[in-house]
Amino acid sequence: MEKNHDLNAGHHRLNDIWQRLDAICRKLWDEDSPAAIGLQALVEEFKGEVHRMEQLVTSYQKTLREQKQTIEKSIQDQFS
């Protein structure tokens, strides 16, 4: 349970960072700053990486749950 809390807290921090980056990017676009182009590209790359990492973590969590169930069933079968 604590691990899920840690993952949720990490996800929340990433969302906070994403929102702050997005706000800075919008401000630069509003100011018609040339820096907006580079920052927008970086923000989009960051967004893609975060999405890939979230998918990877979800996949690992699923695999670990399945392994745990398999081990629990194996132990249960040994003592039945």
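Colleague: In which helix is Gly 10 found?

Modeller: Before I answer, note that this is a predicted model, in which local features need pLDDT of at least 70 and side-chain atom pairs count only at pLDDT 80 or more, while totals for chains, interfaces and linings use all residues. Residues are numbered from 1 along each chain as its sequence is written, and side-chain values use heavy atoms, with hydrogens and water left out. Helices (H or I, at least four residues) and strands (E, at least two) are DSSP runs, numbered from the N terminus. By that naming, Gly 10 is found in helix H1.

Colleague: Is Gly 10 buried or exposed?

Modeller: The terms rest on relative accessible area, where buried means under 20%, exposed over 50%, and partly exposed in between, with a 1.4 Å probe and protein chains only. Because its relative accessibility is 18%, Gly 10 counts as buried.

Colleague: How many helices and how many strands are there in the protein chain?

Modeller: One of the helices is H1, where Gly 10 is found. For the protein chain, the numbers are 2 helices and 0 strands.

Colleague: What distance does helix H2 reach from its first C-alpha to its last?

Modeller: Helix H2 covers residues 35-78, which is 44 residues. The expected span of a helix is 1.5 Å times one less than its number of residues, and for H2 the expected value is 64 Å. The model comes close to this, since the reach of H2 from first C-alpha to last is 64 Å.

Colleague: What radius of gyration does the protein chain have?

Modeller: The radius of gyration is taken over C-alpha atoms, and the globule rule is 2.2 Å times the number of residues to the power 0.38. For a compact globule of 80 residues the radius would be near 12 Å, but the protein chain has 20 Å. The C-alpha atoms also fill a box of roughly 70 × 20 × 10 Å along the principal axes. The radius of gyration asked for is therefore, under the C-alpha rule, the value already given for the protein chain, 20 Å.

Colleague: Why does Asp 32 count as exposed?

Modeller: Asp 32 lies in the loop between H1 and H2, and it has a positive phi of about 55° although it is not a glycine. Asp 32 counts as exposed because its relative accessible area is 66%.

Colleague: How far apart in space are Ser 74 and Arg 26, C-alpha to C-alpha?

Modeller: Ser 74 is found in helix H2 and, at 37% relative accessibility, counts as partly exposed. Ser 74 and Arg 26 are 48 residues apart in sequence, and their C-alpha separation in space is 55 Å.
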